[in-house]
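Here is a short note to go with the structure. Please read it with the model open beside you.

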Amino acid sequence: MIIEDFDFWLGKAGYFSLTLLIVTFYGLLVGAFIDRTIAKVQGRIGIPYRQPFINILKNFFKRTAISHGVMFYLGPVFRIAGGIGTLAFIPVLYGSEMFSNFSMAGDLFLVIYFMFFGQLGMALGAGESGHPYAAIGIARGLSQMTAYEVPFVLAVISIVIQYDTLSITQIVAAQQGGWQNWTVVTNWVATLAAMLAFLGMMGYSPFDIFLAPQEIPIGPPTEFHSAYLGLMQLNRALFGATKLVLFMNLFFGGATSWPELMIKTLLIYMVAIVVGVAFPRFRVDQGIRFFFKIPTLIGIMSIVYVQMMLVA
Amino acid sequence: MVVTNTIIDVLLQPLGIYVLALGAGFLIPLFYRVRRGSGVLVFFAALAAMAVIAGLNLLAIINGAPAIDIETAGIKPPFSINLRFGLLEGGFVLAVNTVALLGAWHYLPRLKQQAASLLLYLILVMGINGMVMTRDLFNLFIFIEITSIATYALIGMGRSDNVLAAGFKYVMATSIASAFFLLGTIFLYYQTGTLNIDDIIMNRDLIEGPIGLIATLFLLTSLLVELKPYPANGWGLDVYETADSGIASLISVGVSAGVFFALYKLLPLMDNYLTSIALIGGLTFLISNLIGLKQENTKRLLGYSSIGQMGLLTLAVALLKQTDADAHLPLIVGGLFVNHLFAKAGLFWLAGIVNRKCIGEWSSGVKRSEVLLLGVLITALVGLPPFPGFWAKWELVMLLAGNELFGWIALILIGSLLEAAYLFRWFSYARQQDSEQPDDAPAEASFSFMQIMPVTIAALLLFITGYGMAKTMHVASPEVFLPLVAGFAMWLIDRSHGRLKNLPMLAAVAVGGYLLTNDLEGINRLFSYLLVGGGILVSIAAMYRNDNRRGFYPLLTVLLLSLATLLRAQTSLEFFFSWELMTLSSYLLVTLGRNGVKPALTYLLFSLASAYFILAGFSVAYGATGSLLLADLGNSGDSVAIIFSLLAAGFIIKMGGFGVHIWLPGAYAESDDDFTAILSAVVSKAGIFGLFIIAAHLGVRSDIGLDPGYVLGWIGILTATFGALMAVFQEDIKRLVAYSSMGQLGYIVTGMALMSHLGWVSAMYITVNHFLFKGILFLSIAGVILRTNERLMYKMGGLIKNMPFTFTFVMIAIIAMSGVPPLSGYGGKWMLFNALMEKQWYWITAFAFFSSAVAFLYMFRLLQTVFLGQRKLEHAEIREAPMILLLPQMVMIVGIMVISAYPKLLIDPLSAAIDPWIANTLVWQGTALHAHFGHWNAPMIMAVVAGVFMIPLILLSLFALSMKIQKVEQFNIVYAAERPRRPEETHFAYKFFAHYDRAIGFTVRPRATAFWNSVVEWSHSAGASLRIFYNGNGQTYALFVIMYFVGLFLFNGGLAL
Amino acid sequence: MNMLTDFPISLIVLCSGLCLILLGLWGMLTQRNLIRIIIGFSLMDTGIHMVMVSIGYVTGGTAPIINDAVAMNEAVNRVVDPVPSALVLTAIVIGLGVTAVMLSFAVRIHKTRKTLMIDKLTESKW
């Protein structure tokens, strides 16, 4: 089957490579922009825009590296494969065959589950390094993940009920025709729940304990360096942007062109940043309990809301 | 010559029993005086002849000869005493005489010390025979008294300190009962003018007014009291406790049998009191078993059980009379009677041989053969297959269900469960010592061989009668008994040494399994691949242990083959038989674990509770449809909901559902490591099969489908959620995976509960997947434990270096379990969520998401703390797990990979098998599966993931080529400017999720365990408060006997007089 | 048949028999001493025997021997029912046996335990 559709695969792979390049580049750029924004808030000047690119190049061309074992070596590979794969299953631009990627392979559900792929592989790699901070960071990160998943999933169920589909393409299609059709308007409850979960997902303050930049230096990636770190930095940009694209598709009408995508995702990102610079950090158990309270309640309300809406 | 022949002919008549008993009674003292041995010989000859006569005559009757009426004194009844020897009489007499013969063998060392005791024993047995056969009321009294006096005297010969006091209480109580009997007899004679029982029954219209009432109640009270009803039975308990085992056994099974038969004979007079009799029997059964829970004294425990069993018999006979089901008497009452007779007598003898005052003391120095016999006898007594009690209880329950007497069914089942609890508790004590005990020394063995011979014969007779009953009930097909036969064959070679025993077992299961399942179709066939094929695959790994493993292979044979018979069951009886067999064999296998005995008991009790729920469900179905066919379950009309609920409850308990899961972690964790794999990967699927049966037959066809289904869906998802949450906080690797099993089964329950095509396909898909990844996980863990000798995860770490294959397999299994694409777990989750959304079970969907997210926590913990992190110094040298453990895992890895890439290979047959029940709704477009909401193209996902994985891998490798990658030693990490020296300082593993515990740990505090503990506590205190009547004072006991009459009198209209 | 008016003698026996039974039972239930309990049993036993005899008795009846004194055809009304009397004989023998066993128990209890008080003999309970 794969051999027969060779043309299909070649075309898809080519288009997807383009998507990948654009999104990664954009992700790195946005990363720099965000870092600069935070620096401004804190009264610093911040990094130049080229800094993330330089960092990655520098890391890739380091001359020495150490290895703690096979899994350690594969960890970053898993990580970025998770990032790329997630992007691969999301249609990036609505109405564009070119940038629909491999979204015919699976639906929203696939994307949600594939997001774990990189995290799990990376966690295993970090685990083999034998560094306790890595394990502590992962234990915290996973715990927090189970918590913010709850409002997120409730919101997802809500919009799946609303649009009667799990296909991201169709969800975006249903939001076309003006801002009044966006989920954020038609189902603002679900969007609210999802955006609260989004705060946890992005890992900025108040939910950044698993990285804990002060106490356990940078958490899971502690032992990674050189090209490993380069791959992970690439992924951080890529994966962050991918999550933004997903949120944009689900709640903010998707995008029909790259500029629209960039503006929308930047604005979505700013939510996490504004909250991040304004609030201090939660302890991990506080963070977990936070998600189980108000956001979960809003998530539950979103399902009730959408059911009432459909009846009415 | 002719004369001799005539004499022999006469002696072979039933009357010969008495002639021989009395004749021998005269001869024994003579011979004894000449030579002690010859007296004993006469004694045994007489006893054996009594049994043989009973046997020959019974055989003649079974072959069609008419019942034998024996007249005496050359005059026709009613002017003379007559005896009858019919089918029932013959059965009772034969059974009693057989057990008396065996009992004499057991008791011989004491009996032969005095000629008088030989004589008394003979008279006692003759008295019981008389009680059974006589048709004359006053003669019955005489025989009761003969029996009693002989009993008194034999009790008085006992050795223990308190036997005299107990005997005196016994005499007091029974003499008052006898007085009642005599008064009743004389008043009946006054009213009817006859003493012949048949005449009295014929003229029962004459029994009227206050005198008639009192006379009947006198007789009834007397017989009931002799059967030791609650609470007027303290005197009986004291004798059971203190008398020699040879006598106690005869009182328990022999004397009670005679009295019971007398009651049965007089029942036609008691038509108005049948409810009272049933109530008394039922309450006695229930309460004595409840009180038994607190009993520690071995023989007193047996006493409680005896009293309970007699209560059950009384209950059965009264209810059979009430429902005019005399035709069922031989099967039900006969079955229960024979079962109790041999099992209880055997247990008393065993208690006498082992001679331990408290059941707790059985935990040391009891021989293997004795423990084996104890197990067989207790199994029979509790009513598990293949013994007569099982068949009789089944018939009884079905009969009661046919008459809609469901309250009685509940009472019987609860009582049985209580009895099982204390009897198996005893067995648990006895089981605990096996491991440290060397094989018996030969010299001692031959001595104990003679001693335990009677017990062994009793056990064999139980097997034989059990098989006989199965034949009578038309279930004795070779297929049904194949597991037992194969298990027995394996047992014969069980003494041989080492791992090679596994090969004949695998061959037996393969051949047997093929024979049993090759004609199955549809879903049953798919299950047979999983249960039998999968069972064999996982069992291969058992060869990694080369020790003797006594009992392991025979039991495993029984277990796996009984799973096969379960699949081919057509009737609920066959199903239940196989189910119980599976329960029993898996229980015994769990006890083989190092600390397995205690958790095994919990496992057994929950399994039995599950079985009784199933039995109750089947009985309601039988009551509604009158059919035992599983296929007819759906025709139960209005009862569908209740049948569904009962059966579902049974299967949920067996699968370790939320709230009734507390047996699961212990049983899984403490079993042998390779058996845990079988338990989780294979045996747990039996519950799923059961759920499928009821879902298919009841869930789909009924109109009410949704409501019980919805509840089931919630139970499933709560099981999944709390299973996952509890797994997160385990330190013990096996407990972690055990809780994980519980959680995964929860998804399957929810899938089944959906009652939709997609739901069932998802449930079956997850079932197959669960088999694969749990098989791998538990076998890997077996390897890890083998190498490290640890089960606590924080004592391991870094094993990836030593056991790379095991790590890889565990990792793949965990990804397959987690549901992360591209491996097989994703398909199950995808189908389940789509089916849930289609059914609009949104809240359950949300819970399912949450629980699968929580599952990541424990999955990661397992990998991290065992295989990653810092290796312990003492583990530096350990090797990879043995090849034989890895081999089955490799096969299962291949299975996971194939299913992951081409799920259609699995889903198509599943869908086709489900299609006859619920029409196929799956839409395939090429390799993509489309449901209402979403779509899933597994090969494509696999290809994309492989692609996106390769790109960075190549990229990194290219850079790595230019780098000098240096392998570093352990501890070479950036660690707070310090270089750690011990792995214990650096391996973050203990209380891995402490913060999670702080956040939501309160949800998984062991509330269910606390609840069930308090249930145990309540039953014990209920038992304690119910036994306050047994204050040890003979006068109190005598008062109760009198009060019993008063109570019966008032209850049956005495006030109206 | 009306016992109350027609058969006064047997009524007396019956009543005293019943009284003896109750007396015997009372003795068995209240007396602490084993010997007294056995005496109570004996009383009860005797009472039962009296009740049995009274039931077969026919006022003014004669011995149940069919000869010149009693014609065949009126035997049923004139003859004392022989069956209860026969039964009583057996019952007495049995009662004797039970009494003997009880006494031997009492003797041996006294020998081993140096007491005859039944409330001292409550070791086995619950």
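1. Contacts first. Two residues are in contact if their C-beta atoms, placed from the backbone, lie within 7 Å. By that rule, no contact joins chain A and chain C. The closest C-alpha atoms of chain A and chain C lie 53 Å apart.

2. What you are looking at. This is a predicted model, in which local features need pLDDT of at least 70, side-chain atom pairs count only at pLDDT 80 or more, and totals for chains, interfaces and linings use all residues. Residues are numbered from 1 along each chain as its sequence is written, while chains are lettered from A and ligands numbered from 1 in the order in which they are written.

3. Helices (H or I, at least four residues) and strands (E, at least two) are DSSP runs, numbered from the N terminus.

4. Strand 1 of chain A pairs with strand 6 (residues 964–967) of chain B. The sense is parallel, over 4 bridges. Two strands pair if DSSP finds at least two bridges between them. A:Thr64 has B:Lys964 as its bridge partner in strand 6 of chain B.

5. The B–C interface. This contact takes 34 residues from chain C and 35 residues from chain B. On the chain C side, two or more residues each come from helix 2 (8–30), helix 3 (34–56) and helix 5 (82–113). Helix 5 of chain C has the largest share, 15 residues. By class, the side of chain C that touches chain B divides into 24 nonpolar, 6 polar and 4 charged residues.

6. Chain A overall. Chain A holds 12 helices and 1 strand. The order from the N terminus is α-α-β-α-α-α-α-α-α-α-α-α-α. Its radius of gyration is 19 Å, close to the 20 Å that the globule rule gives for 312 residues, so chain A is as compact as a globular protein of that length. The radius is taken over C-alpha atoms, and the rule is 2.2 Å times the number of residues to the power 0.38. Along its principal axes the C-alpha trace of chain A spans about 65 × 55 × 35 Å.

7. Burial in chain A. A residue is buried if 20 or more other C-beta atoms lie within 10 Å of its own, exposed if 12 or fewer, and partly exposed in between; C-beta atoms are placed from the backbone. Buried residues make up 61% of chain A. In helix 3 of chain A, 17 of the 19 residues are buried, so this helix is largely enclosed by the rest of the structure. A:Gln42 counts as exposed because it has 9 C-beta neighbours inside 10 Å. A:Gln42 lies in the loop between helix 1 (6–41) and helix 2 (51–60) of chain A. A:Gln42 and A:Val277 are 235 residues apart along the chain, yet their C-alpha atoms are separated by 8.4 Å.

8. Chain B overall. Chain B has 40 helices and 6 strands. Its C-alpha trace spans about 115 × 65 × 60 Å along the principal axes. Of its 1057 residues, 64% count as buried. In chain B, 81% of the contacts with a separation of 6 or more join residues 24 or more positions apart.

9. B:Met655 sits in helix 25 (residues 640–655). Is B:Met655 buried or exposed? B:Met655 is buried, because it has 27 C-beta neighbours inside 10 Å. Leaving aside neighbours within four places in sequence, B:Met655 is in contact with B:Ser684, B:Gly687, B:Leu745 and B:Val749.

Terms used. Nonpolar A, V, L, I, M, F, W, Y, C, P; charged D, E, K, R; others polar.
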